[in-house]
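Subject: Handover of a structure

Hello,

Here is the structure I said I would pass on. My notes follow below it.

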Protein chains: 4
Amino acid sequence: MVKVGVVGYGTIGQRLADGVALQKDMELVGVADVSPTLAVRALKEKGMPYDFYNALPENQKLFDDAGIKVSGTLEDLVQKVDIILDATSAGVGAKNKEIYAKYNKKAVFQGGEKNSVADVFFHGYANYEKGIGKQFLKLTSCNTTGLIRAVDCLDREIGVEKVAITIIRRVADPGDYHRGLTNALQLEKAPSHQALDLMTIMPHINATGILVHTPVTHGHIITVVATPKRKTNKEEVLGFFRKHPRIRVVSLAEGFLGNASLFKYARDLGNPRGDMYEIAVWEDSIVESGNDIMFAINIPQEAVVIPENMDAIRAAMEMQTDRLEAVAKTNEYLGMGKWMQK
Amino acid sequence: MVKVGVVGYGTIGQRLADGVALQKDMELVGVADVSPTLAVRALKEKGMPYDFYNALPENQKLFDDAGIKVSGTLEDLVQKVDIILDATSAGVGAKNKEIYAKYNKKAVFQGGEKNSVADVFFHGYANYEKGIGKQFLKLTSCNTTGLIRAVDCLDREIGVEKVAITIIRRVADPGDYHRGLTNALQLEKAPSHQALDLMTIMPHINATGILVHTPVTHGHIITVVATPKRKTNKEEVLGFFRKHPRIRVVSLAEGFLGNASLFKYARDLGNPRGDMYEIAVWEDSIVESGNDIMFAINIPQEAVVIPENMDAIRAAMEMQTDRLEAVAKTNEYLGMGKWMQK
Amino acid sequence: MVKVGVVGYGTIGQRLADGVALQKDMELVGVADVSPTLAVRALKEKGMPYDFYNALPENQKLFDDAGIKVSGTLEDLVQKVDIILDATSAGVGAKNKEIYAKYNKKAVFQGGEKNSVADVFFHGYANYEKGIGKQFLKLTSCNTTGLIRAVDCLDREIGVEKVAITIIRRVADPGDYHRGLTNALQLEKAPSHQALDLMTIMPHINATGILVHTPVTHGHIITVVATPKRKTNKEEVLGFFRKHPRIRVVSLAEGFLGNASLFKYARDLGNPRGDMYEIAVWEDSIVESGNDIMFAINIPQEAVVIPENMDAIRAAMEMQTDRLEAVAKTNEYLGMGKWMQK
Amino acid sequence: MVKVGVVGYGTIGQRLADGVALQKDMELVGVADVSPTLAVRALKEKGMPYDFYNALPENQKLFDDAGIKVSGTLEDLVQKVDIILDATSAGVGAKNKEIYAKYNKKAVFQGGEKNSVADVFFHGYANYEKGIGKQFLKLTSCNTTGLIRAVDCLDREIGVEKVAITIIRRVADPGDYHRGLTNALQLEKAPSHQALDLMTIMPHINATGILVHTPVTHGHIITVVATPKRKTNKEEVLGFFRKHPRIRVVSLAEGFLGNASLFKYARDLGNPRGDMYEIAVWEDSIVESGNDIMFAINIPQEAVVIPENMDAIRAAMEMQTDRLEAVAKTNEYLGMGKWMQK
């Protein structure tokens, strides 16, 4: 059993902890954060299913006042585990790395950190082999993770030369009050970092794109114009996507009208927190543009990176050395692809 | 074991079914709807935890095409149960009532139906006794249900003469595409129906109010200016609210900044669908205005009526004849008030 | 002086009337609508700068009660003019056409009507010649009008083979309460009608695309992936756009962060109603994707079609037979391209 | 002619400048700001109708690069005027005050500054006399300004003992990208500062209230529960409001459905920037609550304070010593109350 700790118990950290708890070959030792946030208070109200470690000793009184049981410090947690999933705010991970290094532990950082924090920029499906045995890995961000799933899927089937993407980005998560946008679309300087990140992971593909923030909270939508190495068509592409356990093919006729339908569906499924690990591709969105193929995917930003983080543990800890065996284990424990049996 | 059927498997119907399934003295026989909506498709993907009945025979092919197992017609379901919870669209319940009457079954209708559909307009805490043994009950709507909880709480303690409310209403549920509002506040003609409904349930109180729709999906906020029968103060009122198992007292300092924080917290708690049965009162909102007391409550519109629907079954079926025994059973099975033990 | 009437005094109709009033070689005879809307009430409060005609006689009492001076019926207006701009709700124009035909008058319909209502589907810059002398013209919709401006600009310079577009669509206009979307992105079946419409106007170009509705009111953003007939680059494309009097090149550094910045700027300019006739291209959005060029444009949906409607009058009435002379007249009277002198 | 300068050319500053330019007994000498914002760039595109002064000399190159003509420094402007309207960001006014004092000039600060910056906290209708001849005045914020108009109107007619308000606040202005809220209502600690501010201006009234931020941009809505000194009723109160030149009585039947309708109507009126100086009261919102009267008002946050700022100049400069003569002059030049002649 690989022993895992989660540092930073926010939107991503909570879901990482839940994901690890589902892996039968991993043990979640505990989670750490710096203050009694709502997520930590919820942990208490649930009866502390996960041990909690205080990463900021001077805040101990805040935890005491809130009646939250603290099992130790960040260093205590680090010493007890084999590997850390660091989901702290951007930049904090780089500082925490010193502690991980001090105890010679492995760590997986999230997309907000700089690439230089890690030995390898990692994606479970696209470059699993590069992560094997490494000490420090950095995951792609939510948009890039989901985007690469789709592009890698096509690339392995028919080869992809280039992609031009438009990211219609949700601007905040449900419950966020520290950021927001009201009645406005906001453009970022092109090319978007997601396109550049894709090229870092998949250097043989030329990628560019434009990102526009929109005032919604339930999932990004990305349109992809992909130039394959050979002519393809809608039916063939649909077939590729349908076989992928981390991609759900949906349609308007079923009632999937947009990002909010997918969030609703995940809630209706009874998924914890209403989360969804898989990206979705709309059948109705796939069109041909000359030799190019164009389609739209949905990225459930809160949970989409969880599977690839589990893959990262597998690679770093050399739990599996075969890419497909590794992702299959993650998929099995997370219940991914169950919809394919319909 | 009282046998219950749920007709209409939408936002409310799904949650009613889940609520009944949690009552150890009730049995959920099945749910019915008219087409393979996302909620019904989710039922299938979950492996049909509840039997499904097709309320519109001409749509049978749609269910077959979607691979959804149908256990019978609406009349089949009605015959198998003691009582129906009807959560169909406004106006449909009145038609369905003929079927319930035909088989001499009891039924509980939701707030969207006209009062004339039922023998009594019901609220678990405020007028439980009126529902005992009745055949047809109508529940108050989400806003009214939550509002009455708070007003009834004060009224039983110190008496309430009048209330003037401002309803800051969420305009749609997460996942709704058939209604919405974009960058606008919308006023309705005053007095709001919620104030009038409160007076129907609590005729000794003078109530009026103004309702404004706002473009959000996660919970209504109502401000209440209440005139008590005797002078009170913030601390006393807080004490009343803290003792009520369907009211959660929250504060800005804890991180509850608005309706979205409560939705987030319910997700963090791992509540199914991220639902919350209790209303919240903000400690920071309570102020005195002369002899009046003013405060703000949060109404989680999707799930708030579930407890009072369980109460309605208890009253109609005469499972308990004592108000407090009845609501205590509902509260126990739904896990309400657990936060009070902190 | 060509005599013009405007039928339908809503969002587009009001702006058409203002646009005609600015053309020194046209006379606005009057405007017509069917009820005393806010737009009509504003006309009264402004002292009736335009004569008003009642297109629905049975509503005369409503106008009388509101104190609005009515100068006649729809047929009265039609008889007084040379050409009608019909900006009624989709489908109404087709009925009104019978009246226009009865008096042998010309008419210009808007994008909501079916193509069959007209002799030609028209765009001022792209196919002016096809509209010359025609009786019935139909304009492209707001998105298509703006999109064609940009694509036609490139096409006339270096040739365009194909375009793949992503339309990030505003879902309602400011003040709309009859439609809206709340915290959701909504996909439409691809290919979008705007891509198909572009091919009707410019049949030598292969176009496809995906449309996503977003909950905002101040302007659509379209990303365009264009395949030119020869290799080009960002600087060259910028040069093409900068010379076009109906395209404004903007940048993030100047403060144009998104669609809401353009609306704000039009208000700051003191433009009537805060309107903007020109589309905008973000300098920061232009990127190369292999031989393709990708960029983002902003479409101010309320006013963008006004110039092309003026062009349509010029074509139908044969006021100018040369395309560039015609659009130059429109541009001069609307003050378009003033920003180019900076 | 009183010579006026405007310092801070943002949302409020632009409208103050326009307002001063309309006063026939005032002269707008110029406006000042610190960088070439969109508002300043629009000034240039309009041909510099107002002289511009650079309040931050080290930014001179930015203005030169943007081609904006600069007429001097902030101190240059201050020396040329009799009085300054300071509409800078909160806290900057307090620093600028040193310059105004150095040259012994008068100044009017906006609601964002601390009360201590000024000799008097001022409202044109409610306490004009207190501002007469003062050197430094501070205006109430947008919500408080509009609220006081309505409460003062009632108070002068029948006396008001106390008010309990609910502010449904727009969270950002159109075009704002530096703040926003997405799909969330946000509560502030009660009592709201607007209630406290009202009591500073009208110390004989007991006021309290709750403020909730909502994700919209076009106007706040405030519900007021007012306790008058004697029993009144809806018709009487309507009559009071109808006589007030800075209050517009509107109804749902006319089409005024919410804050966005009022913004739309101001645009339809052709008001510069689509601005509205008057608050609105919905006829349909007025209800009686025992002896209390309840109603809803709309506050157009961008322009509502302009009239009271003009009043402030009149008071400080002793242009009129009679309250009603002063506000009548402001109203005449701003065209307020024109709707009353219908």
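Helices (DSSP runs of H or I, at least four residues) and strands (E, at least two) are numbered from the N terminus. This is a predicted model, in which local features need pLDDT of at least 70 and side-chain atom pairs count only at pLDDT 80 or more, while totals for chains, interfaces and linings use all residues. Residues are numbered from 1 along each chain as its sequence is written, and chains are lettered from A and ligands numbered from 1 in the order in which they are written.

Helix α10 of chain D

What comes after α10(D)? The helix is followed by Gly270(D), whose phi is positive, near 80°. Among the buried residues are Leu262(D), Phe263(D) and Lys264(D). They pack against α1 (11-22) and α2 (38-45) of chain C, and also against β11 (220-228), β13 (279-282) and β15 (292-299) of chain D.

Chains A and B

The superposition is by least squares on the C-alpha atoms of residues with pLDDT of at least 70 in both copies.

The contact takes 32 residues from each of chain B and chain A, where two residues are in contact if their C-beta atoms, placed from the backbone, lie within 7 Å. On the chain B side, α10(B) gives the most, with seven residues. That side divides into 12 nonpolar, 11 polar and nine charged residues. Ala, Val, Leu, Ile, Met, Phe, Trp, Tyr, Cys and Pro count as nonpolar, Asp, Glu, Lys and Arg as charged, and the others, Gly among them, as polar. Of the interface residues of chain B, 100% are also interface residues in chain A, so the copies meet through the same surface.

Chains B and D

Chain D can be laid on chain B by a turn of 180° and a shift of 0.0 Å along the axis, with an RMSD of 0.0 Å. Here too the same surface serves both copies, as 100% of the contact residues of chain D recur in chain B.

Regards

Technical notes:
Buried ≥ 20, exposed ≤ 12 C-beta atoms within 10 Å, placed from the backbone.
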